[in-house]
Amino acid sequence: MTIQRTITAIDRIAISDPLATIIPTKNQIELDTSDIAKILIIGETGSGKSTFINYLTNYFRNGSLNNIKIAIPSLHYPIPTETFDHHEHAIHDRMQSKTDKCNQYIFVDNKTQKQYLFLDTPGWSDARRVGQDDINMNKIIDAVESLGGLTAVIIVVNGTSARVNLSSTNFIARLRDNMPDTIMNNVIVISTNAKRHQVNYEIKSLNLHGNVYPYYMQNSAFSMNLSTRTQSAMDALKIDWDQSMDEMKLMIDTIDTFKTKSITAFKDMKDIRNEIKILMHQIRLEINKIQTMQEEIAAFEEGLKHAQTDELSYKDYAKERTVDQIDIVDAAYHSTLCQNCNFVCHNKCGLDEQTIDGSQIFQQCYAMSAGVCTKCPNECSYTAHYIAKKTVKITQKKLQDVLQDIKAKFDMATKNKADFQQKVTTVGDAKRLLEKALKQKTEDIKQKCNNLRKICSGFYLVQEFHSLIHQLEVEATMLQNIDARLQAETIIRDLKEFCKMLKKDQQTARPLPPMNIIETARIDKPLAQYQQAHAPPPPSPQQLTNQAESNINQDVISLI
């Protein structure tokens with residue numbers, strides 16, 4: 001992040017938007033904030049993060065107990081003296097996080113002109129609602145990503161706490177999941193409300209890894225209104241205040257050694273995380289496509305089944321029947337034939353050949369009686385007969401009557417069968433290609449996870465996969481097709497197995513670096529040493545002479 005601004009060297013600037021307008025004042029100096037140190041401040045609700053910001057403000061703005069600077073309002077100092085943006089609420093409730101959003105505070109060192117951006121964040125173990133810690137964590141990650149890099153992490157812990165609770169260690173573990181090792185190797189722990197010898201908890205209980213730099217701050221200046229304190233209390237408080245300011249100086253000097261680290265690592269980590277998110281999004285889309293294809297295949301198979309049933313039902317569109325075919329054929333003898341009945345009434349008739357029907361001669365035929373044929377099926381008149389060397393040949397012939405409407409349905413069923421079969425084959429091939437691509441993407445994710453662990457050894461993808469699986473499970477319940485639902489359940493089961501594999505890989509991966517507590521310079525001094533160090537200088541001889549003369553004059557006045 002590069003911020004070009006003209007700002008006053010003696011001002012400390014806090015903004016929620018890095019590009020917000022800053023009104024310059026006198027004694028301006030051109031400062032390029034591209035090299036600004038960016039420090040994340042995290043801590044449990046009530047640990048003293050806001051008070052720590054107020055102490056930072058007094059350190060950079062030369063505040064004192066007689067001229068205390070208030071950047072963030074508190075219970076005893078509800079009105080800020082500085083024009084900083086803040087999102088404080090419920091300042092009377094210690095169970096709720098006072099900071100509701102992530103706020104950037106940019107300070108400029110008067111002497112070195114170095115710049116420092118402190119990112120104040122909502123506290124964890126927030127009692128406002130269930131899941132508030134998850135909401136706050138997402139806010140922190142988003143705010144840190146917007147910085148484009150990070151120099152150090154400051155963890156604020158209440159030094160009077162007997163132990164670090166499970167919520168705090170889980171929150172720090174989640175933070176490690178999202179921060180490069182180079183960042184988490186530059187961790188500063190600020191123990192508030194206590195000096196070095198007064199801290200009750202073990203820093204090791206934070207379960208940190210890498211270098212940890214402890215500092216201590218007795219921030220009792222904000223625990224009550226200074227106007228209500230006695231002089232002796234103010235004298236003791238002055239010692240605490242000066243020691244806290246000394247700790248601030250040492251802490252800033254330590255931050256200066258971190259200043260150029262981690263920006264590239266953070267960018268690489270963000271890029272890989274984005275690539276993983278893209279792959280996970282593509283996996284979800286491809287799973288949806290596979291499920292859609294499975295539904296299409298099921299519909300096509302159902303259509304194919306109906307087409308096959310229809311084809312079987314309409315296959316008898318042609319009806320076969322047997323008919324008698326009557327032919328008049330030549331014969332070697334004469335016979336009497338009826339032209340109406342196509343029948344041989346008298347086979348081998350002895351009458352002369354007479355092909356003219358209705359001739360009187362037919363009345364003499366054996367088959368005739370009173371002018372009517374006794375052999376005809378219809379008892380036709382002799383006039384319908386003739387005599388010739390012919391006979392009737394009857395043969396049976398099979399005929400097929402095509403039912404056109406039934407045939408049309410059969411043809412349609414046959415066509416549908418071929419179409420559905422083709423669609424089942426085509427969509428099935430596409431589905432298999434998608435499943436193959438899906439497997440490749442899961443392999444790509446695994447490879448990118450390995451690359452990411454080289455940057456952030458605490459990175460843990462399983463939680464994000466569980467979110468994806470949960471979303472897929474919800475979508476699977478809305479599938480109507482049983483086969484599609486079974487297919488979705490199979491994919492979800494495979495993803496769960498993949499999660500187990502990732503978890504196992506995480507456990508067998510290279511171990512996290514051990515926690516190395518760096519001994520910072522001790523600045524605690526006994527009260528006698530402090531009073532001696534801050535005692536006024538002895539009077540000069542001239543001052544002693546003037547004081548003696550003043551005493552003599554006072555004695556003379558008394559005598560008078």
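Trainee: How many of the residues of α1 are buried?
Mentor: This is a predicted model, in which local features need pLDDT of at least 70 and side-chain atom pairs count only at pLDDT 80 or more, while totals for chains, interfaces and linings use all residues. Residues are numbered from 1 along each chain as its sequence is written, and side-chain values use heavy atoms, with hydrogens and water left out. Buried means under 20% relative accessible area, exposed means over 50%, and partly exposed lies in between, with a 1.4 Å probe and protein chains only. By that rule α1 is largely enclosed by the rest of the structure, because the buried count is 12 of the 12 residues.

Trainee: Which residue with a positive phi follows α1?
Mentor: The buried residues of α1 run up to its end, among them Asn 58, Tyr 59 and Phe 60. After the helix comes a residue whose phi is positive, near 60°, and this is Asn 62.

Trainee: How many of the residues of strand β4 are buried?
Mentor: In a regular strand the side chains alternate between the two faces of the sheet. In β4, Ala 37, Ile 39, Ile 41 and Gly 43 point one way and Lys 38, Leu 40 and Ile 42 the other, with buried residues on both sides. The strand, residues 37-43, is therefore largely enclosed by the rest of the structure, the count being seven of the seven.

Trainee: Which residue is the bridge partner of Leu 40 in β6?
Mentor: Two strands pair if DSSP finds at least two bridges between them. β4 and β6 (residues 115-120) run parallel and are joined by five bridges. In β6, the partner of Leu 40 is Leu 119.

Trainee: Which residue in β7 stands opposite Gly 43?
Mentor: β4 also pairs with β7 (residues 152-158), in the parallel sense and over five bridges. Opposite Gly 43 in that strand stands Val 156.

Trainee: How far apart are the C-alpha atoms of Val 153 and Leu 119?
Mentor: Val 153 lies in strand β7 and is buried, with a relative accessible area of 0%. Along the chain, Val 153 and Leu 119 are 34 residues apart, and their C-alpha atoms are separated by 9.5 Å.

Trainee: What is the volume of the largest cavity?
Mentor: On a 1 Å grid over the protein atoms alone, a cavity is a set of points where a 1.4 Å probe fits but cannot get out; lining residues have an atom within 4 Å of a point. Grid points are joined across faces, edges and corners, and a volume is the space filled by probe spheres set on the points. The count comes to four cavities of 30 Å³ or more. The largest has a volume of about 70 Å³.

Trainee: Which element gives the most residues to the lining of the largest cavity?
Mentor: The lining includes Ile 141, Val 144, Phe 266 and Arg 273. Two or more lining residues come from each of α2 (132-147) and α6 (263-313). Nonpolar covers Ala, Val, Leu, Ile, Met, Phe, Trp, Tyr, Cys and Pro, charged covers Asp, Glu, Lys and Arg, and the others, Gly among them, are polar; the lining has five nonpolar, one polar and three charged residues. With four residues, the element that gives the most is α6.

Trainee: What distance separates the sulfur of Cys 499 from the closest cysteine sulfur?
Mentor: A disulfide is a pair of cysteine sulfur atoms within 2.5 Å, and the whole structure holds zero of them. Cys 449 is buried at 1% relative accessibility, and Cys 499 is buried at 3%. The sulfur closest to that of Cys 499 is in Cys 449, too far for a bond because the distance is 9.9 Å.

Trainee: What separates the C-alpha atoms of Ser 457 and Arg 176?
Mentor: Ser 457 is in the loop between α7 (404-455) and α8 (462-476), and counts as buried at 7% relative accessibility. Ser 457 and Arg 176 are 281 residues apart along the chain, and their C-alpha atoms are separated by 8.3 Å.

Terms used: On a 1 Å grid over the protein atoms alone, a cavity is a set of points where a 1.4 Å probe fits but cannot get out, and a pocket is an open set with protein on both sides within 12 Å along at least five of seven lines; lining residues have an atom within 4 Å of a point.
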